[in-house]
Amino acid sequence: MSAPGRAGELSGKRVVLGVCGGIAAYKAVEICRRLADAGALVSPVLTRDAMRFVGELTFSALADEPARTSLFGPGSPEPSPHISLARRADAVLVAPATAHFLAGYVAGLAADLLIATLLATRAPVLVCPAMHTEMWEHPAVRDNVATLRRRGTWVMEPEEGRLAGGDRGKGRLPEPEAVVAELARLLASAEPVPGQGGGRAGADGAGLAHQGAAAQSLAGVKALVTAGGTREPVDPVRYIANRSSGKQGYAIAAELAARGAQVTLVTASESAPPVGMASVQRVATASEMAAAVHAAGDASDIVVMAAAVADYRVESPAGTKIKKSPGALVLTLVPTEDILAELGRRRRPGQVLVGFAAETASGDRLVTLGRAKLEAKGADLVVANDVGGAGAGFGQDLSSAVIVSRGQVRELGLVDKRALAAQLVDMAAQLLPARGRP
Ligand code: CTP
């Protein structure tokens, strides 16, 4: 379960809830209810195809005002509903967002009420795509998501899980509770940019007084994130690995990209990386990871070593498959480079260095181990994770963690990996030297 929405952030806020035509539209009903429960004033906007899946009456009954379904005609009593919706909105949430909607929004096709409202608003926008994995991974969709992120739109990554028709994979709309919590978090961090009437400049420098400030706050920042567990060969068919899935590194990379940073992801995970990366480099071994990290490290303002890097490698991997033979097999393991410690030694002034400490400890002991790693590796922040607890750690959606910095300890407890990513990126961003922003 993810952290509940901070209801206070939504109380009294006018939220336009855009619903597109996908099977996940049924979850939008629950999102609508949860927004209303959190005190938001919800204005539902349904696309024509949304109404094939859910009825406007359901939304009208749950929301603060009747659902709108069209720019013109009976679905729209006002002459310019998109303008009045756009101006009154404190936020626009689109959940679920289909591939068709993403393309239309990117292209500015204001033929329906939802996209017309989005083009007219200056409020923060959170888009939650949901579709089949093949569609989510299609270059057209990935490009559209990257464009939206560059323009400052928040895009919530879909989850892995059951999809329409019994298929499984990435593309599932996160649970309504998590969507509402994400919106609350966005609004909490979207402090207005002075002189822009609550909007902000576009991440591509286009000066769009558009959407939330926080999504934009890392524009111009270069970030390097590592993810996944390295694999050290024993022979051509075997390797030594660890249980890291890459989920935490991917969540951090996605969070940085969502805030406008230019992210290089160096990944040893075999899962598909999040969309919106400036560059993705796939590696297998610790030494390949070290080479990729050092190539990009100097130019990076923030480096997050979330990967579980092997501490040892096989000294001389066999060139051919090792055959079974009686008795013990002895492998000589030699240390790998400690990439984070090396980054700590060569870092340039102002660079923010973040490490992880995977430990089987909790409470004060976890903090002590985190502090020790902060010092030993010369990092600015260390996320100390208890990987021994049930339901949290490698491969899970939850993590039990504390973030240790030189002056501060932030206890996160059992936390969703996305929420951990958001808090970590907040803390890392605060450590960046001032970058001459207004
Ligand atoms: N790390 C690294 N290079 C390595 C090993 C680890 O850069 N060869 C980084 C990890 O990415 C992580 C941090 O160092 O950010 C801590 O990794 P961890 O395995 O917890 O600590 P170790 O230094 O390996 O110490 P130990 O395993 O003894 O706890």
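How much space lies in the second largest cavity? About 30 Å³ lies there. The model is predicted; local features need pLDDT of at least 70, side-chain atom pairs count only at pLDDT 80 or more, and totals for chains, interfaces and linings use all residues. Residues are numbered from 1 along each chain as its sequence is written, and side-chain values use heavy atoms, with hydrogens and water left out.

The structure contains two cavities of 30 Å³ or more. A cavity is a set of points, on a 1 Å grid over the protein atoms alone, where a 1.4 Å probe fits but cannot get out; lining residues have an atom within 4 Å of a point. Volume is the space filled by probe spheres set on the points, which are joined across faces, edges and corners.

Seven residues, all nonpolar, line the second largest cavity. They are Ile-252, Leu-256, Ile-302, Val-304, Leu-424, Val-425 and Ala-428. At least two residues each come from α12 (247-258), β13 (302-305) and α16 (417-431). Helices (H or I, at least four residues) and strands (E, at least two) are DSSP runs, numbered from the N terminus. The top contributor is α16, with three residues.

The largest cavity has a volume of about 50 Å³. Its lining consists of Val-293, His-294, Gly-297, Asp-298, Leu-343, Arg-346, Arg-347 and Gln-351. Two or more of these residues come from each of α13 (286-297) and α14 (339-346). The largest share, three residues, belongs to α13. By class, the lining has two nonpolar, three polar and three charged residues. Ala, Val, Leu, Ile, Met, Phe, Trp, Tyr, Cys and Pro count as nonpolar, Asp, Glu, Lys and Arg as charged, and the others, Gly among them, as polar.

Notes:
1 Å grid on protein atoms, 1.4 Å probe; cavity = no way out; pocket = protein on both sides within 12 Å on 5 of 7 lines; lining within 4 Å.
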